[in-house]
Amino acid sequence: MKSGTTHHPATPKALLHPVHPDHASMTRILDESPMLPFHYRIWALSTGGTLLSGVSMFLLGVTLPLIIPIFAMPATSVGLAAGMLMGGTVIGALAGGHLADHFGRKPIMIMDMVLLIIAALLTALAPSGTVLISAELLVGVGIGMDFPVGSSYLAEFMPQGRRGRMMAASIAVQSIGMLMGAGFALILLQSAHPGGNTWRWLLAGEALLVLPYLLGRLTLPESVRWCIAHGRNAQAVHILEHFAPQQKELLVTMAKHLGRKIHHVAKIRPGRHMGIATLFSPEYRRRTFLVTMPWFFMDISTYGVGLFTTILLGSMRGGGTGSIHIIGQDFANALDSGKVDIFLLLGSLLSLWAVPRLGRIHMQIIGFTGMILGMGLLYFASGKRGDTSTHLPLVLIGFMTFNLFMTAGPNATTFILPTEMYPTQVRAFSAGFAAAVAKIGATVSVFLLPLIQSALGVAAVLALMVGVSLLGLFTTYTFRVQGHGLTLEEHHSPALP
């Protein structure tokens with residue numbers, strides 16, 4: 001080792017005292033690296049799916065009231081369009097995770113951005129409601145693909161001490177996306193007129209947001225952990241030069257020593273086929289329940305609350321809105337939803353401090369508890385003599401509490417946990433499987449809750465939201481796996497309780 005290298009502040013400890021060059025030394029370089037500009041670039045370019053998820057959900061809700069009269073779409077098309085978007089994320093999450101584990105993180109991160117640009121342009125140029133709804137399915141597929149791939153890529157690069165915070169920041173971008181969608185919609189809707197093309201510009205804006213991600217991702221390296229999990233050690237050490245450029249000679253020696261040796265760190269023996277069977281093996285079954293069931297219940301309640309936010313806030317204003325122009329109504333709804341979404345962002349900011357400090361499991365339990373409290377307040381306010389207008393402060397506190405605790409806790413932790421609970425060879429697929437199960441919950445919520453509300457009223461929906469939040473709390477506690485402060489490899493040590 002060259003003299004003076006040990007004093008360089010950016011040199012990871014793994015290279016200061018390399019007893020034996022192996023895969024563990026390579027992963028320690030990543031885990032012990034200080035935060036570099038390169039890390040922040042990786043983070044920024046990994047947030048494409050989460051940003052577009054927030055933008056697309058908001059803009060779809062804003063544009064559908066404008067599109068329905070233009071294409072003479074039946075009322076059922078509202079639920080169908082939202083359902084296709086959610087259903088697309090299920091398909092994309094499963095496909096994207098599987099492909100990323102086999103072909104690498106980078107190719108799939110580029111492919112899903114290309115797909116999103118095509119899909120967004122198809123929605124903006126749609127000549128009919130049928131084409132629009134079909135294009136929303138493709139938007140969902142692209143977003144769904146990016147969730148497991150982007151989260152796995154980010155987790156595999158971040159230093160161990162900063163991984164939780166940077167991943168919480170990544171999912172927080174979803175709230176920023178919703179606010180961006182709200183701001184964009186408010187600007188364009190002010191100059192909109194009936195039968196105009198404002199809705200096309202709103203949807204075309206999604207393609208413009210995707211383009212910088214696509215161009216930036218072309219310059220990203222492949223994941224080091226994916227490389228060593230597939231025996232591509234020479235490629236891995238070349239990438240590691242970004243983190244330890246002073247140690248280039250040692251890295252080259254390390255690559256020659258390892259050759260094509262595969263890095264296998266898992267609770268199951270090397271040689272066993274790793275796929276969906278791994279998720280339900282005795283070694284990982286408990287973890288699979290932990291990462292899927294609470295996320296499933298959270299998405300039912302989250303999308304349920306999102307679906308009825310405008311209804312509840314509108315009921316507080318009472319009647320007298322029948323003469324308001326449809327564009328004026330749409331503007332008011334976008335403004336109300338934007339106000340509520342601010343608390344989603346505040347909760348996301350809180351998660352940046354709370355998740356790394358308190359741990360994933362503790363914050364998930366705290367978050368579900370706060371969600372139950374928020375829904376309980378809304379249930380009380382909406383059911384009190386059937387008049388929420390006299391309980392405006394209580395209703396607002398209920399929304400604030402639910403959104404704050406949801407994004408501070410489960411919204412962040414359910415995104416992080418799947419990337420830590422499984423080995424590199426199946427990390428993206430496992431994250432995709434968990435996301436797919438969650439989006440099935442979202443799809444069920446979007447389709448069934450309007451029927452329940454129509455038959456039994458808003459109070460019944462809110463009571464159901466309390467129930468599913470309780471189930472999220474119960475399943476988190478039942479299947480909890482404590483691993484706070486561990487590296488990705490230490491999560492799979494046989495000694496882990």
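This is a predicted model: local features need pLDDT of at least 70, side-chain atom pairs count only at pLDDT 80 or more; totals for chains, interfaces and linings use all residues.
Start inside. The largest nonpolar core has 87 residues. Those with the most contacts within this core are M26, I42, F157, L240 and F243. Helix α7, residues 129-157, supplies the largest share of the core, with 12 residues. Take I42 as a way in. Leaving out residues up to four places away in sequence, I42 touches Y153, L154, F157, M158 and L220.

V237 sits in helix α11, residues 233-240. Its relative accessibility is 5%, so V237 counts as buried. Beyond its neighbours within four places in sequence, V237 is in contact with M26, L251 and A255. V237 and K248 are 11 residues apart along the chain, and their C-alpha atoms are separated by 8.4 Å. S348 belongs to helix α15, residues 326-358. S348 is also buried, at 1% relative accessibility. With neighbours within four places set aside, S348 is in contact with A172, S175, T407 and A408.

L80, I440, V444, F447, L448 and L451 make a nonpolar patch of about 520 Å². Helix α19, residues 427-456, gives the largest share of the patch, 5 residues. V444 is found in this helix. V444 has a relative accessible area of 34%, so it is partly exposed.

The structure holds 10 salt bridges. In one of them, D146 pairs with R217, with the closest N and O atoms 2.6 Å apart. D146 lies in helix α7 and R217 in helix α9 (residues 198-217), so the bridge links parts of the chain 71 residues apart. Both D146 and R217 are buried.

E420 forms a salt bridge with R163, the closest N and O atoms being 3.0 Å apart. E420 is in helix α18 (residues 410-420) and R163 in helix α8 (residues 163-189), 257 residues apart. E420 is buried at 2% relative accessibility, and R163 is buried at 1%.

R225 and E489 meet in a salt bridge of 2.9 Å, N to O. R225 lies in helix α10 (residues 224-229) and E489 in the segment after α20 (458-478), so this pair ties together parts 264 residues apart in sequence. R225 and E489 are both buried. Elsewhere, D101, R105, E156 and R427 are linked in a network of salt bridges.

Technical notes
Residues are numbered from 1 along each chain as its sequence is written. Side-chain values use heavy atoms; hydrogens and water are left out. A nonpolar core is a set of buried Ala, Val, Leu, Ile, Met, Phe, Trp, Tyr and Cys residues joined through side-chain atoms within 4.5 Å. Buried means under 20% relative accessible area, exposed over 50%, partly exposed in between (1.4 Å probe, protein chains only). Helices (H or I, at least four residues) and strands (E, at least two) are DSSP runs, numbered from the N terminus. Contact means heavy atoms within 4.5 Å. Patches are made of residues with over 30% relative accessible area and no salt bridge: like charges are joined within 9 Å, nonpolar side chains (Val, Leu, Ile, Met, Phe, Trp, Tyr) within 5 Å. Accessible areas come from the Shrake-Rupley method with a 1.4 Å probe; for residues, only the protein chains shown count as cover. A salt bridge is a side-chain nitrogen of Lys or Arg within 4 Å of a carboxyl oxygen of Asp or Glu.
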